[in-house]
Amino acid sequence: MAMSETELLALLRELDDPERLEWPLNYDRAAASLTFSRLVRRLEADFGVQCEFEQETQDSSEYGRVRVPAEATLCGTRIVVCVSKFGSLAEVCADNPGAYFGTDDAREEGALDPSDLATVERALDEIGYVSVPEELLESDYEGPSALVLFEARPTWWTRFFGLA
């Protein structure tokens with residue numbers, strides 16, 4: 001189920017614990033691994049291709065990434081799904097995080113087909129991830145964690161997918 005921007009911001013604030021930058025208090029690494037594996041298998045089945053992935057990212061609040069190869073997408077641009085260690089948050093990007101100003105920009109530039117995006121968003125939703133638009137994640141961070149130690153202009157992406 002898609003959440004409004006107001007609901008997503010409330011969720012980001014709720015998950016933000018300044019004492020725990022890399023993973024939340026009750027983080028279950030085994031459960032995160034199983035859920036992530038389900039996502040990889042689902043995207044491989046939906047796109048009919050083997051996806052590259054990396055998981056258990058060190059020194060980061062990001063758990064891992066799945067890459068749908070360019071040749072499997074309608075626009076010929078790979079799709080990258082980033083998964084956080086916090087609250088099953090996920091981000092969908094065309095090519096790489098930051099390559100476009102977000103999925104709207106990628107669609108306008110012809111790099112991301114709406115049906116490919118819908119396929120990924122449906123998989124995320126059905127597996128239990130909360131998809132947060134890149135545009136929202138790139139907005140200024142407004143939480144209690146001391147992220148200025150890591151980045152001059154911290155964003156919500158920095159908090160939930162960046163360095164810890």
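These are my notebook entries on a predicted model, taken one spot at a time.

**Entry: Ser131**

I began with Ser131, which sits in strand S5, residues 130-131. The cut-off for buried is under 20%.

Next I looked up its neighbours. Leaving out residues up to four places away in sequence, Ser131 touches Leu8, Ala90, Val92, Glu121 and Leu124. With one of these, Glu121, I found a polar contact from side chain to side chain, at 2.8 Å. I also checked Gly64, which is 67 residues away along the chain; its C-alpha atom and that of Ser131 are separated by 14 Å.

**Entry: the cores**

Which residues have the most contacts inside the largest nonpolar core? Leu124 is one of them, along with Leu39, Leu43, Ile79, Val81, Val120 and Tyr129. This core has 27 residues. Two or more residues each come from helix H2 (29-47), strand S2 (62-68), strand S3 (79-84), strand S4 (89-94) and helix H4 (114-127). H2 gives the largest share, 6 residues.

I noted the contacts of Leu124 beyond four places in sequence: Leu39, Val81, Ala90, Val92, Tyr129 and Ser131. A separate core of 19 residues lies apart from the one above, and Val80, Cys82, Val130 and Val132 are among its members. As a general reminder to myself, nonpolar side chains tend to be buried together in soluble globular proteins.

**Entry: salt bridges**

I counted how the charges pair up and got 10 salt bridges in the structure. Side chains of opposite charge can pair when their charged atoms come close.

Arg29 bridges to Glu56, with the closest N and O atoms 3.1 Å apart. This pair links distant parts of the chain: Arg29 is in helix H2, Glu56 is in the loop between strand S1 (52-55) and S2, and 27 residues separate them. Both ends are partly exposed, Arg29 with a relative accessible area of 42% and Glu56 with 31%.

Arg42 pairs with Glu126, and here the closest N and O atoms are 2.8 Å apart. Arg42 is in helix H2 and Glu126 in helix H4, so this bridge ties together parts 84 residues apart in sequence. Glu126 is partly exposed, at 49% relative accessible area.

Arg67 and Glu54 meet at 3.1 Å, N to O. Arg67 belongs to strand S2 and Glu54 to strand S1, so the parts tied together are 13 residues apart in sequence. I looked up how covered each end is: Arg67 is buried, at 15% relative accessible area, whereas Glu54 is partly exposed, at 37%. Finally, salt bridges with shared partners join Arg42, Asp46 and Glu126 into one network.

**Entry: three loop residues**

Thr155 is in the loop between H5 and H6. Buried or exposed? Thr155 is buried, with a relative accessible area of 3%. Beyond four places in sequence, Thr155 touches Leu137, Glu138, Ser139, Asp140, Tyr141 and Leu147.

I then checked backbone angles, given that most residues other than glycine have a negative phi. Asp59 is not a glycine, yet its phi is positive, about 55°. This residue is in the loop between S1 and S2, and Asp59 is exposed, with a relative accessible area of 51%. Asp95 also has a positive phi without being a glycine, about 75°. Asp95 is in the loop between S4 and helix H3 (103-108) and is partly exposed, at 31% relative accessible area.

Technical notes
Residues are numbered from 1 along each chain as its sequence is written. This is a predicted model: local features need pLDDT of at least 70, side-chain atom pairs count only at pLDDT 80 or more; totals for chains, interfaces and linings use all residues. Side-chain values use heavy atoms; hydrogens and water are left out. Helices (H or I, at least four residues) and strands (E, at least two) are DSSP runs, numbered from the N terminus. Contact means heavy atoms within 4.5 Å. A polar contact is a pair of N or O atoms within 3.5 Å; within protein, one must be able to donate a hydrogen and the other to accept it, and residues adjacent in sequence count only if both atoms are side-chain atoms. A nonpolar core is a set of buried Ala, Val, Leu, Ile, Met, Phe, Trp, Tyr and Cys residues joined through side-chain atoms within 4.5 Å. Buried means under 20% relative accessible area, exposed over 50%, partly exposed in between (1.4 Å probe, protein chains only). A salt bridge is a side-chain nitrogen of Lys or Arg within 4 Å of a carboxyl oxygen of Asp or Glu.
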